[in-house]
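The following walks through a predicted model.

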Protein chains: 2
Amino acid sequence: MGLVVQKYGGSSVADAEGIKRVAKRIVEAKKNGNQVVVVVSAMGDTTDELIDLAEQVSPMPAGREFDMLLTAGERISMALLAMAIKNLGHEAQSFTGSQAGVITDSVHNKARIIDVTPGRIRTALDEGNIAIVAGFQGVSQDKKDITTLGRGGSDTTAVALAAALDAEVCEIYTDVDGVFTADPRVVKKARKIDWISFEDMLELASSGSKVLLHRCVEYARRYNIPIHVRSSFSGLQGTWVSSEPIQQGQGDQKVEQAIISGVAHDTSEAKITVVGVPDKPGEAAVIFRAIANAEINIDMVVQNVSAVTTGLTDISFTLPKAEGRKAIDALEKAKTAIGFESLRYDDQIGKISLVGAGMKTNPGVTASFFEALSDAGVNIELISTSEIRISVVTRADDVNEAVRAVHTAFGLDSDSDEAVVYGGTGR
Amino acid sequence: MGLVVQKYGGSSVADAEGIKRVAKRIVEAKKNGNQVVVVVSAMGDTTDELIDLAEQVSPMPAGREFDMLLTAGERISMALLAMAIKNLGHEAQSFTGSQAGVITDSVHNKARIIDVTPGRIRTALDEGNIAIVAGFQGVSQDKKDITTLGRGGSDTTAVALAAALDAEVCEIYTDVDGVFTADPRVVKKARKIDWISFEDMLELASSGSKVLLHRCVEYARRYNIPIHVRSSFSGLQGTWVSSEPIQQGQGDQKVEQAIISGVAHDTSEAKITVVGVPDKPGEAAVIFRAIANAEINIDMVVQNVSAVTTGLTDISFTLPKAEGRKAIDALEKAKTAIGFESLRYDDQIGKISLVGAGMKTNPGVTASFFEALSDAGVNIELISTSEIRISVVTRADDVNEAVRAVHTAFGLDSDSDEAVVYGGTGR
């Protein structure tokens, strides 16, 4: 037995009953002989309620004060959780991000962790305590101001602490049973994944899967911390995310990695097409410099074949819908420099992505993917690929049908015998 | 113009509207050329709601975690207030008790301030900011844990900061217009007091007046910080509490000190009578050592004349009702050592106190006080006096009538011409 970091999300500690339930689970881990560090989010909708309050007093809440406000949420949940654990007869101490040594840069509302110095946590553990740490928050290195890590930041807190404390595992407790081969709300036959590699999980996260954030998985991969995503409402094994397959259950089970890990989808993006761009070197650079200067992250980029008669081409790219207005403004400002004819904005698109390390060595995957979409009558508007992912943009209305079709075609349905797997303990 | 510390209670910042109203008032003080430090309590019922939550997860919430929980309340209100001020175009920064340098001992839930090192506040002020500080909280000197100062602690925070920053005045904003000659809910004709000495205010506070806590006034007296108690809902002058009368208004006004400052009452106490105590030296010591060991604060003490035939006497004392059970238990345990016959517990009592430095030099005050009570048909059960206060215990049912009778008898009623005053700038 060793050191375990557990993270509980807001839905797991939404009320007093939830806090007591979680406290029991934490005490169990302690009774099993582990040193236990718990990272906790704000209760239920607390953060949203605080944001509402902020918007009532100020249309544009400021960075530093906004962080001071939001971090009150975790302070409440962590103190209550420590009390609930003490009430079960075990010692617990709660720590703010600052007290836990979570040092960040000074970018309020979306700070990045630059160091973790968990001296007080270590001491608390050595004295036999369960340590409860506020997720989502830290303290800036230069000004000693309270910072927040942005939405989903508690997962990152947990992984960062696990790395700094050299934990055996970082358990992320949530309200679902783990990572699924597709969103179970869309695909009824989606299967829970027992194990997935960091690389595949990163691709799923950046393709619309919301269970784990990209940043958290990236951090875990860098420090090689196994993540175990599981439900706080059941005792079931969830999904292990790690570099090597992890043996679990009866001991004689062999974990096999599927060629395809899962199908992700995302309807939060929009597509902008820059129409009638002169087909000459440097044009794309001018366009995307204008976008980058506006601090907008783009996703897929496609350039059409140039029309021979006009010497003009179209360039399309996708980006978060929330950034659409800003991007259009930035491009309009740069119209003379770029020299395009017009802009087309389309927010009725969806993206479907197939992710799996196995596709590197299985040339038929791309063909099967397009066939499945074709059979389902789904029209493809853009295509983008990486070594272990293939993504297409379709009409938003077609997304759910497309996800189901691809999920079935690759034998991922839970009652299918066709799941394509290969054995192995590595990549 | 100089440095002003303003403190706003929970009722002044109960919702977003209240916060915006308070922000305007703070900005006014800043526009008048002052450096402004604001101490703020938790919004409305926040603290009570947090206590409710704590009791749901643990029947006996623990000190350290309980303080961590409760201090979330001020973190919310101070951040919102800073945002609201920024929204009015002025710079503001919020600080936790720890960041503001409020250093306390380690007695959780009722810590005492042992030092104030407001370096960050000074810097914020010098940079042109309004500094917003969380009331009610500090950080322990030895363990660097978050502590709270107990109910009403925000007033003490304000006075302590005012002292450390050498402020000109500590303004305590509340939901009443100031300190009154009696509780206006009981005495319709109660008058707002324009100025009152620290000494008289201390006696009023310890006799049941709830506007200012004894600890806060004591702190202000020690460092000679004038307090201005006033309403956050009006622009009116309130009550000045200071060592010397403070000139206010048109400039040609002369502040006069009344012989009697006011009438306070208190129905939160109970009376315990130890019946049949041997009338010999050391008996009272044994009784009150037993009470002190149980950490119970007592108020009035009276010993009856011994009955010659039995050599036995009765000793009565008053104490907070909340401590009644504990006191009875402590005395029963010490029954053999004390040797009393029985205990009588009475929680249907009330205390009426007349306070005024003038009574030192006006021998008729005590007689007039008893005459007023007698004329109102109020029976007196216990009497206790200090140099500038006289208190009696009566039936709880008689308290309101007694307060009104005394208030009228000493010419304190607002439509009375009889108010007894003497001019002067000192005592």
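The largest nonpolar core has 250 residues, and of these L81(A) and L81(B) touch the most other members. Leaving aside residues up to four places away in sequence, L81(A) touches V13(A), I19(A), V22(A), A23(A), V38(A), V40(A) and I132(A).

Two of these contacts, V38(A) and V40(A), belong to strand β2 of chain A, which spans residues 35–40. That strand is mostly covered, with six of its six residues buried. The cover extends to both faces of β2(A): Q35(A), V37(A) and V39(A) are buried on one side, and V36(A), V38(A) and V40(A) are buried on the other. Strand β1 of chain A, residues 3–8, pairs with β2(A) in the parallel sense over six bridges. Within this pairing, K7(A) has V39(A) of β2(A) as its bridge partner.

Strands of a sheet pair through backbone hydrogen bonds, and the pairing is either parallel or antiparallel. Strand β19 (residues 349–355) and strand β21 (residues 389–395) of chain A run antiparallel and are joined by seven bridges. In β21(A), R389(A) is the residue that stands opposite V355(A).

Another set of pairings in chain A involves strand β17, residues 312–320. Strand β15 (residues 269–278) of chain A pairs with β17 of chain A in the antiparallel sense over eight bridges. Here L312(A) in β17(A) has P278(A) opposite. Strand β16 of chain A, residues 301–303, also pairs with β17(A) in the antiparallel sense, over three bridges. V302(A) has S316(A) of β17(A) as its bridge partner.

How are the two chains related? In general, two copies of a chain are related by a rotation about an axis and a shift along it.

The contact between the chains takes 27 residues from chain B and 27 residues from chain A. On the side of chain B that touches chain A, the elements giving two or more residues are α1 (16–31), α2 (46–57), α3 (63–70), α4 (72–87) and β3 (92–95) of chain B. Of these, α4(B) gives the most, with ten residues. The residues on this side of chain B divide into 17 nonpolar, five polar and five charged. Because 100% of the interface residues of chain B are also interface residues in chain A, the copies meet through the same surface.

Elsewhere in chain B, helix α8 (residues 214–223) has R215(B), C216(B), V217(B), Y219(B) and A220(B) as its buried residues. These pack against α6 (153–164), β9 (169–174), α7 (198–206), β11 (227–231) and β12 (239–242) of chain B.

What remains is a matter of backbone angles. Most residues other than glycine have a negative phi. Just after α8(B), however, N224(B) takes a positive phi of about 55 degrees. N224(B) lies in the loop between α8 and β11 of chain B and is exposed, with 11 other C-beta atoms within 10 Å. E295(A) is not a glycine either, yet has a positive phi of about 60 degrees. E295(A) is found in the loop between α9 (283–293) and β16 of chain A and is exposed, with 9 other C-beta atoms within 10 Å.

How values were computed. Residues numbered from 1 in each chain as written. Chains lettered and ligands numbered in written order. Predicted model: local features only at pLDDT ≥ 70, side-chain atom pairs only at ≥ 80, totals over all residues. Core = buried A, V, L, I, M, F, W, Y, C linked by C-beta atoms within 7 Å. Buried ≥ 20, exposed ≤ 12 C-beta atoms within 10 Å, placed from the backbone. Contact = placed C-beta atoms within 7 Å. Pairing = 2+ DSSP bridges. Helix = DSSP H or I, 4+ residues; strand = E, 2+ residues; numbered from the N terminus. Nonpolar A, V, L, I, M, F, W, Y, C, P; charged D, E, K, R; others polar.
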